[in-house]
Amino acid sequence: METILSSHPFSPLLNPRSPPSSRTPASPQPRSNSLPVAKPFSVSISSSLKTQTLQSNRSSVQLPANWITRVQQGAAALALSLTLSFGPGLVSGNALASEFDVLNDGPPKETYVVDDAGVLSRVTKSDLKRLLSDLEYRKKFHINFVTVRKLTSKADAFEYADQLLERWYPTIEEGDNKGIVVLVTSQKEGAITGGPSFIKAVGDNILDAIVAENLPVLATEEKYNEAVYSSAKRLVAAIDGLPDPGGPQVKDNKRESNFKTKEETEEKRGQFSLVVGGLLVVAFVVPMAQYYAYVSRK
């Protein structure tokens, strides 16, 4: 019995951590029987758990990343939409670009019209082309009409018209017989400029009359086609030496006052006094006459 319990060949296997010694008691170790079998199983379980944990961590990291990316894209789209809708810089930039495009593009080749404001009809453009081309063929004067919505680079239409003349016709020889008419729709004003021969042929009176009557009056009523075409007819008539067709009739918008004048008040007061006095006399005399007649019968 003693030989079986203290058997040396099995002691290293049952307890591998303790070195073989003759002084070690040969007693059965309950934990030594499960160690060789349980250790690989526990390692495999732990490794599988680690793998599953890493995969779950990766999936949990990917979901917030995708969500954050979508939120960022949505925020960027929203910011771009708001900028396009409410950004005043873009609107002013377009206005500046349109205004300077008219300067940089040069004079129109055949149409005689640069309708940047988009207020002229096709019929008006055709009538202007026929009228102004005939004038250029006969008198060698070339007139351009320009419409713009708003001026930002110059204070008024006169400065912008002079700038157009200098840019389109840099030399005196090129701009001598040229004329430019500018109509600003938002400001309801216009201007006329031109070379020395053009100004002399038209005359200051007609130029001032067109600027004071045709362009502002009709533009105020938003009759832009009539404003442009009537101005062209007055210019052509002046160059041809014909009678001036005249400008539009300025409407008197003054309303008559509802209050009576002093003379009218005095007159009405006198009439009212006569009527009241007559009624008082009748109210007093008639009863007295009736009473006298009644008494006299008795």
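What is the strand order in the open sheet, and what kind of pairing does that sheet have? The order is S1-S2-S3-S4, four strands, and the pairing is mixed. On the edges sit S1, residues 113–115, and S4, residues 189–194, each pairing on one side only. Ignoring direction, neighbouring strands are turned by 10° against each other on average.

One caution before I go on. This is a predicted model. Every value I quote is computed from it.

Now the overall picture. The protein has 11 helices and four strands. Of its 298 residues, 26% are buried. Take the contacts with a separation of 6 or more: 63% of them come from residues 24 or more positions apart.

Back to the sheet. A quick reminder: strands of a sheet pair through backbone hydrogen bonds, either parallel or antiparallel. S1 and S2 run parallel, and three bridges join them. S2 covers residues 142–148. Find Asp115, and you will see Thr147 of S2 opposite.

Which helices pack on this sheet? H6, residues 157–168, is one of them; H6 touches S1, S2, S3 and S4. The direction of H6 makes about 35° with that of S4. H9, residues 204–220, packs on the sheet too, touching S3 and S4. Its direction makes about 150° with that of S4.

Stay on H9, and bring in H10. Two packed helices are described by the angle between their axes and the distance between the axes. For H9 and H10, the axes come within 8 Å and cross at roughly 165°. Are they roughly parallel or roughly antiparallel? An angle over 145 degrees counts as roughly antiparallel, so H9 and H10 are roughly antiparallel to each other. The crossing is right-handed.

Who is in that contact? From H9, the list includes Ile206, Ile210, Asn214, Leu215 and Leu218. From H10, it includes Tyr224, Ala227, Ser231, Leu235 and Ala238. By class, the contact has 11 nonpolar, three polar and three charged residues.

Ser231 is in H10. Buried or exposed? Ser231 has 0% relative accessibility, so it counts as buried. Leave out residues up to four places away in sequence, and Ser231 touches Phe145, Ile210, Asn214 and Leu215.

H10 has another partner, H5. H5 runs over residues 122–139, and H10 over residues 224–240. They pack at an angle of about 15°, with their axes 10 Å apart. Under 35 degrees counts as roughly parallel, so that is what H5 and H10 are. This crossing is left-handed.

Look at the residues here. H5 brings in Thr124, Leu128, Leu131, Leu135 and Arg138, among others. H10 brings in residues including Asn225, Val228, Tyr229, Ala232 and Val236. The contact divides into nine nonpolar, two polar and five charged residues.

Next, the loops. Most residues other than glycine have a negative phi. Which residues here have a positive one? Lys140 is one of them, with phi near 65°. Lys140 lies in the loop between H5 and S2. Its relative accessibility is 54%, so Lys140 counts as exposed.

Glu222 is another, with phi near 60°. You will find Glu222 in the loop between H9 and H10. Glu222 is exposed as well, at a relative accessible area of 56%.

Last stop, Asn177. Where is Asn177? Look in the loop between H7, residues 172–175, and S3. At 22% relative accessibility, Asn177 counts as partly exposed. What does Asn177 contact, beyond neighbours within four places in sequence? Lys140, Phe141, His142 and Phe198. Asn177 and His142 are 35 residues apart in sequence, yet 6.5 Å apart in space, C-alpha to C-alpha.

To recap: a four-stranded open sheet with mixed pairing, with H6 and H9 packed on it. H10 is roughly antiparallel to H9 and roughly parallel to H5. Over to you for questions.

How values were computed
Residues numbered from 1 in each chain as written. Predicted model: local features only at pLDDT ≥ 70, side-chain atom pairs only at ≥ 80, totals over all residues. Heavy atoms only, no water. Axes fitted to C-alpha atoms, helices over the stretch in contact; angles between N-to-C directions. Helix = DSSP H or I, 4+ residues; strand = E, 2+ residues; numbered from the N terminus. Parallel < 35°, antiparallel > 145°, perpendicular 65-115°, else oblique. Left-handed = near helix turned anticlockwise from the far one by under 90°. Contact = heavy atoms within 4.5 Å. Nonpolar A, V, L, I, M, F, W, Y, C, P; charged D, E, K, R; others polar. Pairing = 2+ DSSP bridges. Buried < 20%, exposed > 50% of the residue type's maximum accessible area, 1.4 Å probe, protein only.
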